[in-house]
Amino acid sequence: MSKQVLLKGIDIYSEGQLIQNGYIKIIDEKIAEVDLLTNLENEEEFTIINVPSTYKAVPGFIDVHIHGVNGADVMDATKEALDTMSSTLPKEGTTSFLATTMTQDTKEIEKALANVGEYLQGKQETGKAEIVGVHLEGPFVNPDKAGAQPLKHIIDPDLPLLKKWELLTNNMIKLVTLAPERPGGLEMVNYLSTHGIVASIGHSDATFEEVNKAIESGANHVTHLYNQMSGLHHREPGVVGSVFLRDELKAEIIVDGVHVRPEMVDLAYKIKRKDGLLLITDSMRAKCLKNGEYDLGGQDVIVKDGKAVLADGTLAGSILKLGTALQNIITYTGCTLADAIEMASVNPAKQLNIFDRKGSLAIGKDADIVILDDNLDVYMTFCRGELAFTKGGQ
């Protein structure tokens, strides 16, 4: 496809405004113009894509917490696995993501981290979802809130080990999930926050006071709200209550109707609003595949009826698509599409400090664009200016 593309006659959810019957010019992977169709000039040099006028252009979704999809997993530690993820994710509107590891033997984690680090040394192809860094989920978590994180590999926060792992990824670890109440937790939170890495409270049994200390040390994020954390109690707010009470904390949430029931999604939205939540999938390799038995961190996972569970029934990631999460949060909360975009695109970009180039449709930013049809299904996805997916076409 031409390096100069023109999308015309479409509603555009641009940065801070809705442009009805507008156009977007893409030149060399970037957004060159966004405006009303009545102001369009010099269209002759562009490859024109006419889209039904009722369809909507929104910024590409950014998944800060995803383990795998379509048979691939970050812990496979292969280039092929990362290629598969990058090629598959545009089908659900995801144009950028954090390659997310999980608790495992340290040697296995190091293989996965080194693999991502090497992958990011090369130039990533346009037309595929871009890996913008690593989310290290564990092993620095609380055994009492392990969930699907293998107990035998959980360790207390170890700063020298983390620094070693940073080198393996060429300093591309962008988010770390840890339990700040564990020995060494606050020291690690402080290190992360002073080195531009998001410190996220997750798989944690922290009290309200312990969360407050973590916030004072620089924590500003919470991993999959409600799941595997100390819950809300009238005498102990726990991590959940801390999220509701402290505006400093942005919270991921898995909006699949399985991990969190719709009413509790609505409660979180009523309190945190559009600025306080990030839509994630936390998906594992079975996403996009049929029911059956799969692997997650060396554990057998049974996928059936929209759920991924360990043998004991513990939820083991999801098979949620981010485009579906966007539809679901609108259904569950009554929020607007513009609000949902904040949670799927804007907030993740801001948390990762990449809002200067991603997260909204604005001149000069990467042309990561999703076209939604009348049902808000993903119809078309552009990754850095190149068409990556067309519904019915791939």
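The model is a predicted one, in which local features need pLDDT of at least 70 and side-chain atom pairs count only at pLDDT 80 or more, while totals for chains, interfaces and linings use all residues. Residues are numbered from 1 along each chain as its sequence is written, and side-chain values use heavy atoms, with hydrogens and water left out.

**View 1. Strand 1 and its partner strands.** Strand 1 and strand 2 pair in the antiparallel sense over nine bridges, where strands are DSSP runs of E with at least two residues and helices are runs of H or I with at least four, both numbered from the N terminus, and where two strands pair if DSSP finds at least two bridges between them. V5 has I26 of strand 2 as its bridge partner, and in the hairpin of these strands, with two residues between them, G16 takes a positive phi near 85°. Strand 1 also runs parallel to strand 4 (residues 47-50), to which four bridges join it, with K8 opposite N50; two bridges join strand 1 to strand 5 (residues 56-59), again in parallel, and there I12 has A57 as its bridge partner. Ten of the eleven residues of strand 1 (residues 4-14) are buried, so this strand is largely enclosed by the rest of the structure; buried means under 20% relative accessible area, exposed over 50% and partly exposed in between, with a 1.4 Å probe and protein chains only.

View 2. Strand 17 (residues 299-304) is joined to strand 18 by three bridges, and V303 has A308 as its bridge partner.

**View 3. The surroundings of Q149.** Q149 lies in the loop between strand 10 (130-137) and helix 3 (159-168), and is buried, with a relative accessible area of 5%. Leaving aside residues up to four places away in sequence, Q149 touches M102, T103, E137, I154 and H203, a contact meaning heavy atoms within 4.5 Å.
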